[in-house]
Amino acid sequence: MKNSWRRRSLPLCAAALLALSGCGIDHIRTLREAEQTFSRAAEQENRLRHAQLADTGQGVSGAALTGDLADSTGYRVAAEMTGKLIREKRAELEQDKLLCTAYVIRAFSLWRLGEFAQAVETSRQPCGDASAAPRDRALLRVVDALVGIDESNARIANKERSEAEYQTTKTQIDQALAKFADADAGLARGHPLRAYLFAARFAALRVAQVAPNREGLTGTAESAPRTEALARVDEMLLEYRRYLRCQLRLTGIPEHTSVSHWATLFGKKLPVNAVACDS
Amino acid sequence: MPASADVVLFAIRSAIRVNEQVRRGFAGMVSAEEIHLPLPSFPSSPSVETARTYYEADGAQYLEGDAKLRTLFDRWQQLGEAEALEFVRCYQEHWALDAANAAPAGSVLAADLTWDDYRALLTVRQWQRGGDKSPSLLQRAAGTLIEIAVDYHLQVPGAVNTASPNGKLVKAFLEAIDEVQFAEGSQHMLGTRLVDALFVSVLETLRDHPELAADSERGRLLVKTVAGDLTGKAQKLIEAAPDQLARDRVQDFAATLFPSLLTSAAATVVADPRRFIGLGRQAQVDLISGVGTAILGSLQDRKLGLETLFSRETLEAAVRAVLVAAARHPQLLGAKGEGAGKLVAAVAKELGDDANVIGPGLLPELVRLVLEKGAENLDILLPDKNQPERHLLARALKAVLPVLAAKPPAGAKWKPALRSEDALALAEALLDEVVRNPQWVTDEAAAKSPRLGEVVGAVLAALRNEAGPRLRRESAVAILAAAVEAVGRRLELGVKDAQGRHVVAAVVGAIVKTVHGDGAALEAAWLFAREEALQRLTQLILDEIAQAGEPAKLLGRVQAFLDEAVERIRKGTPWWWDELAPLLREHLAKGG
C-alpha cells in the first residue's frame with residue numbers, strides 16, 4: 001500500500017518540482033546571464049587596453065587617453081537586462097540577496113557606456129544587508145570615483161588648457177582617492193577586490209601625474225602637484241607590494257609583474273628590497 | 001479520494017521545499033561568482049611626463065654627457081610628436097638598463113605584465129578565499145550544476161535521488177569535486193567550466209551506459225575516484241602551467257578525457273570483465289584512474305600538443321586500448337597504468353612528423369591503431385618498457401609513412417598522392433600483418449634497414465612506373481596490402497633479386513603493366529580495369545606465388561601466365577576465374 005502511494009506521488013513531485021523550478025529561479029538565471037555578459041565585455045575592453053600597454057606612441061600622442069570603447073554592445077545588453085530585472089523582480093532579488101549584484105552590473109555597465117549620471121544614481125540605491133555582499137557594496141561605493149577619473153581623463157585630453165581645468169581635475173582625483181581608500185578600508189585585508197581598487201588608485205594618480213602638463217602649467221605650478229602625486233604613488237606602491245606579498249602570498253622574486261608595470265608607467269625605479277610583512 | 005488529495009498536497013509541499021533549496025543555493029552561487037571589472041580610462045602607456053619624472057630623479061645620471069637627451073629633457077613641454085616619442089624611448093631603454101643592473105646576479109628579470117596576470121588582478125570574487133564565506137569549487141560551480149541537472153532530469157531518471165543507483169553516482173561525483181585540494185597561495189585554479197563539462201559527462205554516461213550504475217558500488221567508486229584524481233591532476237598542471245593558454249588547454253583536455261574514461265570503463269571493465277580477470281574492484285578503478293591521470297600528465301610535453309591531437313572519438317578508442325593493454329600487461333605499463341601517458345605520447349611523437357605531411361587527422365587515428373592492435377600482445381611488441389617509442393608497431397609505421405608521404409617521381413605514370421584515408425587503410429592492413437608476423441620489425445636486419453618500408457616503397461614505385469592514370473587509389477592500397485601479406489608469408493618475395501628488384505614489386509609491376517600499360521590488349525584492359533577484377537587478379541597471383549615457384553623465375557612465369565590469360569580473353573575463348581589459379585600453378589610448376 002505504502003509503495004503504491006509512493007509510486008503515485010513521485011511523478012507528481014517531479015512534475016511540480018520542474019514546474020516550480022523554471023519559474024522560481026528565472027530572475028537568478030537572468031542576473032547570471034547579465035553578469036556573464038558584463039564580464040565578457042569588460043574582459044574584451046581590458047584585453048584591448050592590455051594590447052596597448054606597450055605602445056609608447058599611444059601615450060605620447062594622447063590617443064589612448066579618451067578610452068573610447070570599440071564595442072559597447074555587451075555593456076548595453078547587461079545594462080538593459082539588469083534594468084528590467086530590477087524594475088520587475090526587485091522583491092525577488094532582494095529576498096535572494098542579489099539586489100546589490102544587480103545594481104553593480106547595471107551601474108558599472110552604464111559607467112562604461114558613458115552614462116555617468118545614471119551610473120552614479122544607480123550606485124546610490126539601497127540594496128540591503130552590507131555583510132551579504134562585501135565586493136558589491138564596495139564597488140557601489142566607488143562608482144562616482146571611477147566616473148571622476150574618466151571625466152578627468154577626458155578633460156586632460158580636450159583642447160582647453162587652463163588652471164581652472166586643472167583645479168577641477170585635482171578636486172575630482174582627490175575625491176576619488178578618498179573614496180577608494182574608504183572602500184578599501186571596509187574590506188578584509190586579503191580580499192581580491194583590493195587588487196582592483198589599487199589599480200583604480202594608480203589610474204587616478206596617473207591622471208594626476210600628467211594633468212598639470214596637459215593643462216599647460218609650467219615651472220613649479222606643474223612640478224609641485226606632479227611631485228605630490230608621485231609621493232602618493234610611492235606610498236601606494238609600498239602598500240600594494242605588501243598586499244601582494246603578505247595577503248596574496250605572491251612571494252616570488254622578481255615581484256609580481258604588475259609592480260614593475262606601475263613603476264614604469266610612473267617613471268619610478270623598480271623597488272629592490274622585499275617588503276616586510278607584519279607577524 | 002482523500003488519499004489522492006494527500007498525495008497532491010504532499011507533492012506540492014515537497015516541490016516547494018526542494019525548489020526553495022534550489023533557489024537559495026542557486027542565488028548563493030550567483031552572488032559568489034567572479035566578475036571581471038573594467039578599469040577607468042587613464043594614460044596607460046609611458047608618456048613625456050613619465051620620462052620627465054624619471055630623469056628628474058632616478059635617471060638623472062643619464063643626462064650627464066648626453067646633450068641630445070638633455071635637450072629633450074629641458075624642452076619636454078615643447079616637444080613635437082616625434083621628439084616626444086624619442087624622449088619616451090630613451091626613458092624605456094634607461095629604465096630597462098636600471099632594472100637589469102639592479103637585479104641580483106643570476107636572477108631572472110621581471111617580465112612584462114602579461115594578459116594573464118592583468119586578467120587575474122581584475123577578476124574579482126565576492127568573498128576572500130579561505131574566509132568563512134569563501135566558496136569551494138563545488139559551491140562556485142553549483143549554479144550551473146543545478147541548471148544542468150534540471151535539463152537532464154528526464155533523460156537520467158533518478159539522477160537527483162540519492163537512493164537510486166544513478167543518484168548515488170551523481171552524489172559521488174559531487175563529493176569528489178568538493179574534495180579537490182588547492183595548494184596554499186595558488187593563484188590559478190580549476191575553473192567552473194571544467195566542473196560543468198565533467199558533470200554533463202557523468203549524466204550523459206549514465207544515460208548512455210546504464211550498466212555503469214547497475215553495479216552501484218563499483219560505479220560510485222569509479223566516478224568518485226576518476227573525477228577526484230583527474231581534477232586533482234588537472235589542478236596541479238594548472239598551477240604549473242606558464243600561461244592562461246596552457247591552463248585552458250589542460251581544462252579542455254581534461255573535459256574531453258573524462259567522458260572517454262567513463263565510457264571506456266563501461267565498455268571494457270563492465271561490459272567485458274574477462275579482460276580484467278584477476279583484478280579486484282578497487283584495482284580496476286585504480287587502473288582506469290591511473291591511465292586517465294597518466295594521459296593527462298603527458299600534457300606536460302607541450303611541444304607534442306597532445307590536447308590538440310585527439311577528437312573525443314579517437315581519444316576514447318585510444319583510452320580503451322590502453323586500458324586493455326594496462327590490464328593485460330601491468331609489468332609494462334604499471335599496476336595503475338602509470339606508463340600509459342608515456343606510451344601514448346611516445347607513439348604520437350614517433351609518428352607525428354610523417355603523418356602530418358600526409359594529411360590532417362591521420363596521426364590520432366594511427367596512434368589509436370597502434371594502441372588497439374598492440375594491446376593484447378604488448379609484451380611482444382614493447383620489448384623495453386623504458387623505451388615506449390620502440391613500440392614495434394610504431395616502428396613499423398614509422399618505416400612506411402615516409403614512403404607514403406613521398407611525392408611521385410618525375411616521369412611517373414601513376415601520380416595521385418596518397419591521402420590520409422589511404423594511409424590509414426594501408427596502415428590497418430600492415431599492422432595486422434606485423435601483429436601476425438612481428439619478424440617484420442624484430443630481426444636484426446629489419447632494425448638496420450626496415451624491410452616493411454622497403455617492400456612498400458618498391459611496390460609503390462612499381463605502381464607509379466607501370467600503372468596508368470586509371471588506377472584508383474583504393475586499388476593501389478589493396479595491392480600494397482596484398483603484396484606485404486605475400487611477403488609476410490614468403491620472405492624471398494621481399495628480397496632483391498640479381499637485378500636489384502624486389503620480386504613482389506616486379507610481379508605487381510607486371511600485372512598492372514598488362515592491365516594498364518601502353519601495349520595492353522584492349523579486351524584484357526577492359527576486363528581487368530574494373531577495380532574488383534584487378535584486385536582479384538593481383539590477390540590470386542600473390543597468393544599463389546607466396547606458396548610456390550622458384551624465386552628467380554617467378555617473374556617470367558607470372559608474365560607467361562598473364563600473356564596466356566590475356567590471349568584467351570582476346571580470342572574470346574571461354575574462361576572462368578576458377579580456371580586461373582590452376583593455370584597459374586601450371587606455369588609456376590614448369591621447369592627450365
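In this predicted model, Ile541(B) contacts Val507(B), Ile511(B), Val558(B), Phe561(B), Leu562(B) and Leu584(B), with neighbours within four places in sequence set aside. Ile541(B) also belongs to the largest nonpolar core, which holds 155 residues. Together with Leu366(B) and Leu537(B), Ile541(B) touches the most other members of that core. The main contribution to the core comes from helix α11 of chain B, residues 244–270, which supplies eleven residues. A separate core comprises 107 residues. Its members include Ala119(A), Leu187(A) and Tyr196(A) from chain A, and Phe42(B) from chain B. In soluble globular proteins, nonpolar side chains tend to be buried together.

Arg473(B) lies in helix α24 of chain B, which spans residues 473–489. Its relative accessibility is 15%. Arg473(B) therefore counts as buried, since the cut-off for that class is under 20%.

Chain A contains twelve helices and zero strands. Its pattern along the sequence is accordingly written α-α-α-α-α-α-α-α-α-α-α-α. The chain has 279 residues, of which 53% count as buried. Among its contacts with a separation of 6 or more, 71% join residues 24 or more positions apart. The accessible surface of chain A amounts to about 12,000 Å². Carbon and sulfur atoms account for 51% of that surface.

Key. Residues are numbered from 1 along each chain as its sequence is written. Chains are lettered from A and ligands numbered from 1 in the order in which they are written. This is a predicted model: local features need pLDDT of at least 70, side-chain atom pairs count only at pLDDT 80 or more; totals for chains, interfaces and linings use all residues. Side-chain values use heavy atoms; hydrogens and water are left out. A nonpolar core is a set of buried Ala, Val, Leu, Ile, Met, Phe, Trp, Tyr and Cys residues joined through side-chain atoms within 4.5 Å. Buried means under 20% relative accessible area, exposed over 50%, partly exposed in between (1.4 Å probe, protein chains only). Helices (H or I, at least four residues) and strands (E, at least two) are DSSP runs, numbered from the N terminus. Contact means heavy atoms within 4.5 Å. Accessible areas come from the Shrake-Rupley method with a 1.4 Å probe; for residues, only the protein chains shown count as cover.
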